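Welcome! Take a moment to look over the model below, and then we will walk through a few of its parts together.

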Amino acid sequence: VSKVGILDILQAKKESRKLIMVTAYDYPFGLMADEAGVDMVLVGDSLGMVVLGLDSTVQVTLEMMIHHIKAVVRGCKRPVVVGDMPFMTYNTGIRDAIINAGRLMKEGGCDAVKLEGGSNFAPVVEAIVKAGIPVQGHVGLTPQTAGALGGFKMQGKDAAAARKIIDDAKALATAGAFSIVVEAVPAPLGRLIAESVAVPVIGIGAGVDVDGQVLVTHDMVGLFDRFVPKFVKQYTSIRPTIIEAIKTYGDEVRSSEFPTSYHSFGMSDDALEELKS
Ligand code: KIV
Ligand code: NA
């Protein structure tokens, strides 16, 4: 299998081929996403919420990201692996942003980084790209600053707010972002954003007329269902399956049905006799 490259991602839009991205936070999910044939795997800072049990992405650190990116990268031979830059690792200046993006790539081993923000962050994106690190933008609902946006809700409702998001996407594309995630905007706005930039627009709650889609895998397979946003489709629900398996295991342990001889190691009669004598 040949590795997907950044140029393949750009080419997909020219060929009107939809791009598939999912999140992964560890080795088994990296392997499964790879085997399923996705184009990009995002080690999202959603890590904090769906894997580490934090109540927002704000508390996620660069060290946590590096730790998890390493595991995902080991499982991903083909897809582009994108590592999220945590809150306050790119917000404190261009120099910090380059150093921290560099750590995600050098220590974590990802192929690209993603950061949240619009035109205000265009100079940061430009500097990281110039340093040799591909950057994916993220506009619309930006969870790291959801508080300032008035919570986890749709963005770009009125014309002025929508215009601002289009301008943000354009500024990121001009700054050299190789693609842009657009989260939680009206579908018609998603389409307009995709038409406004040459780089692929990856939607999550941005309607169907964008260049690709991303979902949080743990939402999509029903592994995390404490909160399910409108834009999530649950393709399966594995939580009950896992809970049932653990319960059955517990029942069988209590009743001594498990382990059977099949799951136990034997010992030669000679050795056993000698042991007992
Ligand atoms: O952290 C994440 O999973 C994300 C996606 C929702 C795009 O940023
Ligand atoms: Na994220």
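A residue counts as buried here if 20 or more other C-beta atoms, placed from the backbone, lie within 10 Å of its own C-beta atom. Please keep in mind that this is a predicted model.

## Around the ligand

Let us begin with ligand 1. Its surroundings are formed by Thr23, Leu42, Gly44, Asp45, Ser46, Asp84, Val181, Ile204, Val214 and Val216. Sorted by class, this shell holds 5 nonpolar, 3 polar and 2 charged residues.

The UniProt record, an unreviewed entry, carries a "binding site" annotation on Asp45, Ser46, Asp84 and Lys114. These annotated residues are spread over 70 residues of sequence, yet they cluster in space, with a largest C-alpha distance of 12.4 Å.

Where does Asp84 sit? You will find Asp84 in strand S3, which covers residues 80-84. Asp84 has 29 other C-beta atoms within 10 Å, and because the cut-off is 20 or more, Asp84 is buried. Leaving out neighbours within four places in sequence, Asp84 is in contact with Leu42, Val43, Gly44, Asp45, Met65 and Lys114. One of these contacts, Lys114, also carries the "binding site" annotation in the UniProt record.

Asp45 belongs to the loop that runs between strand S2 (40-43) and helix H3 (47-50). Asp45 counts as buried because it has 29 C-beta neighbours inside 10 Å. When residues up to four places away in sequence are set aside, Asp45 touches Thr57, Val60, Met65, Asp84 and Pro86.

Now turn to helix H5, residues 94-108. At 1.5 Å a residue, its 15 residues should span 21 Å, and the end C-alpha atoms are 20 Å apart, which agrees.

Which residues of H5 are buried? They are Ala97, Asn100, Ala101, Leu104, Met105 and Gly108. Looking down the axis of H5, these buried residues fall within an arc of 135°, so they line one face of the helix. Their cover includes helix H4 (62-75), S3, strand S4 (112-114) and helix H6 (122-130). On the other side of H5, Arg95 and Lys106 are exposed. After H5 comes Gly109, with a positive phi near 95°.

Notes:
Residues are numbered from 1 along each chain as its sequence is written. Chains are lettered from A and ligands numbered from 1 in the order in which they are written. This is a predicted model: local features need pLDDT of at least 70, side-chain atom pairs count only at pLDDT 80 or more; totals for chains, interfaces and linings use all residues. A residue is near a molecule or strand if its C-beta atom, placed from the backbone, lies within 6 Å of it. Ala, Val, Leu, Ile, Met, Phe, Trp, Tyr, Cys and Pro count as nonpolar, Asp, Glu, Lys and Arg as charged, and the others, Gly among them, as polar. UniProt positions are given in the numbering used here, feature names are shortened, and annotations may be inferred rather than shown by experiment. Helices (H or I, at least four residues) and strands (E, at least two) are DSSP runs, numbered from the N terminus. A residue is buried if 20 or more other C-beta atoms lie within 10 Å of its own, exposed if 12 or fewer, and partly exposed in between; C-beta atoms are placed from the backbone. Two residues are in contact if their C-beta atoms, placed from the backbone, lie within 7 Å. The expected span of a helix is 1.5 Å times one less than its number of residues. The arc is that of the directions from the helix axis to the C-beta atoms.
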